[in-house]
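Here are a few friendly notes to read alongside the model. Please have the sequence and the viewer open as you go.

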Amino acid sequence: MTILEAAHLSIAFGGVRALDDVSLVVDASVVFSIIGPNGAGKTTLFNVISGLYAPLHGRVRLAGEDVTGFAPHRLARRGLSRTFQNLQIFFRMTALENVMVGRHRHESTDILSDLLHLPVVHRQNRGTREAARDALARVGLSEAANRQAGTLPYGALKRLEIARALASEPKVLLLDEPAAGCNLVETQDLDGVIRSIVKDGVTVMLVEHDMRLVMNISDRIHVLANGRTLVEGTVAEVRSNAAVVEAYLGVHGTNEAACAVG
Amino acid sequence: MNVRALMAQRYVGLTVIAAIVVFLPFFFPSAYYYRVAALVLIFALAATGLNLLMGFAGQVSLGHAGFLGIGAYSVAIGATYFAAPPLLCILAGAALSGLVAFGVGRPILRLKGHYLAVATLGFGVLVTIVLTNEAAWTGGPDGMAVPRLVLFARPVRGADAWYWIAAASFLIGATVAQNLSDSPTGRALKAIQDSEVASSMLGIDVSRQKLAAFVISAVFVSVAGSYLSLFNGHITPDISGFFRSIELVTMVVLGGMGSIVGPFVGAAVVVVLPQTLTVLHEYEDMVLGLILMGLMIFLRQGIVPSLAATLAGRRT
């Protein structure tokens, strides 16, 4: 079943085509990775899919609904969530409160009840806190729950963003370079975390430079270069594709290039 | 930590202020002290409102005294020209302020940082100009007299009565702010302050939440404005002037943004300090300025959060 579909997406910044006629179809409950050299348009693609940029051309469909040009919060309410390459943490809050904000779309109180702290708010706070604790536990951050987010190390913040996104119970989760800045052990933990997310029926779209991670967990890989689709296929197909090797290391890529993608 | 302990911790700030407010009058040697304390509490109510916008949602306003003006003149004009009971005028003023905030906030809350600051400044100036120029209604720059507040069929006289009215109102306001702090809306506002992008990606309608904070803060400030006019018995357009707006911002920042107790402490400093410094005559303003600078340099998160952090032994 198709959960997300992008058709002929194009976007330009000051005359430079950051995305040029990119199309992709993502099945539900898979890991769909997007790779490519720096400046290939990976994060731009994420920004279009998640509503931060409106595409110049093309459509985006989420769970069958045309959501092109929808604001991020409307997409979030339809089950799309994401993390950020450059962290977007609520630094003044504790780790737990960060993840509690992730529950926002499941909270149904109105502002008047909130101001008066009606019993419904109290009940809901309790539920939100429970769910947030569960999400923290899934990424192994239970111990840090009551710590100020600003005091946590980089690797923990990366996982905190995943927990926060998970707390919103997304259908589609966009992870933008989750392994960047993480050490080997942390990255290997990430394999397990992402696998468990997909096992719960969530579709994970992954932008990542760590090829070990990508090759390990992807069901499909979409390769971008200079804003265009180079190739799409399974891990084996992409790994053996000459054009991919070339895009990564230039025309004369040899053994090193093979190492980089394999 | 169990829920009960958490609740206790949550309301500790409120309990402390309530205790201070109830027991402070025992140490008042004269009615003058009631008068100053009532002013502190009225401004604390206004600062609590502005804190919801600045300390929670992280949006600055240099024009909130405009809502002081709307609240004040709603009472003055309503009572003088329409013979409306002051209590009804307070409510009408609050509703009008909320409505104006809604109309003004929609376009200007799209702006960020300095641009928002200048736009809100413009709003405050605009209110002052209208109040000054519509002399037929407002008495122009000389202002107008305000009838007394009537409660339980009795006119409210005396600073002590006003002290208790202001105290009760401020405590209600602080409780509401505390409630908001620990609610989905409050969390959304605090999230917006740290990252609008992340907030929107979690389903928070950022512009709607900012507007809500703007409207609620306007209502708080408007009620405080109504009180000020009833308390003083006379009102001039100065109440909505730029200087008043800056005072409100100073109270919030000095006391500690996002703190529930902060606006109270900030209001106390900004109201009481000039009164005590009058003994210094011509050096009064200079010393006041130096003290404010010193407080911000040494307690840069604001008085309450900085002291709380020091007490907790984790100074940042």
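What percentage of the contacts in chain B with a separation of 6 or more is accounted for by residues 24 or more positions apart?

1. The figure is 77% for chain B, where two residues are in contact if their C-beta atoms, placed from the backbone, lie within 7 Å. Please keep in mind that this is a predicted model, in which local features need pLDDT of at least 70 and side-chain atom pairs count only at pLDDT 80 or more, while totals for chains, interfaces and linings use all residues. Residues are numbered from 1 along each chain as its sequence is written, and chains are lettered from A and ligands numbered from 1 in the order in which they are written.

2. Chain B holds 15 helices and four strands (DSSP runs, H or I of at least four residues for helices and E of at least two for strands, numbered from the N terminus). Its C-alpha trace spans about 55 × 50 × 45 Å along the principal axes. Of the 316 residues in chain B, 49% are buried, meaning that 20 or more other C-beta atoms lie within 10 Å of the residue's own, again placed from the backbone.

3. Do look at helix α11 (residues 206-232) of chain B: its 27 residues reach 39 Å from first C-alpha to last, close to the 39 Å expected at 1.5 Å a residue (1.5 Å times one less than the number of residues). This helix, α11(B), is mostly covered, with 23 of its 27 residues buried. Just after α11(B) comes B:Gly233, with a positive phi of about 80 degrees.

4. Turning to the interface, chain A contributes 33 residues to the contact and chain B 23 residues. On the side of chain A that touches chain B, the elements giving two or more residues are α2 (72-77), β6 (80-82), α3 (95-102), α4 (111-116) and α5 (119-138).

5. Within chain A, α3(A) also packs against helix α6 (residues 154-167), at an angle of about 35 degrees and with the axes 6 Å apart (axes are lines fitted to C-alpha atoms over the stretch in contact, and angles run from 0 to 180 degrees between N-to-C directions). Residues of α3(A) that meet α6(A) include A:Ala95, A:Val99 and A:Gly102.

6. Finally, A:Pro178 sits in the loop between β7 (172-176) and α7 (184-199) of chain A. Why does A:Pro178 count as buried? Because 24 other C-beta atoms lie within 10 Å of A:Pro178. Leaving aside residues up to four places away in sequence, A:Pro178 touches A:Thr83, A:Lys158, A:Ile162, A:Leu190 and A:Glu208.

Technical notes:
Buried ≥ 20, exposed ≤ 12 C-beta atoms within 10 Å, placed from the backbone.
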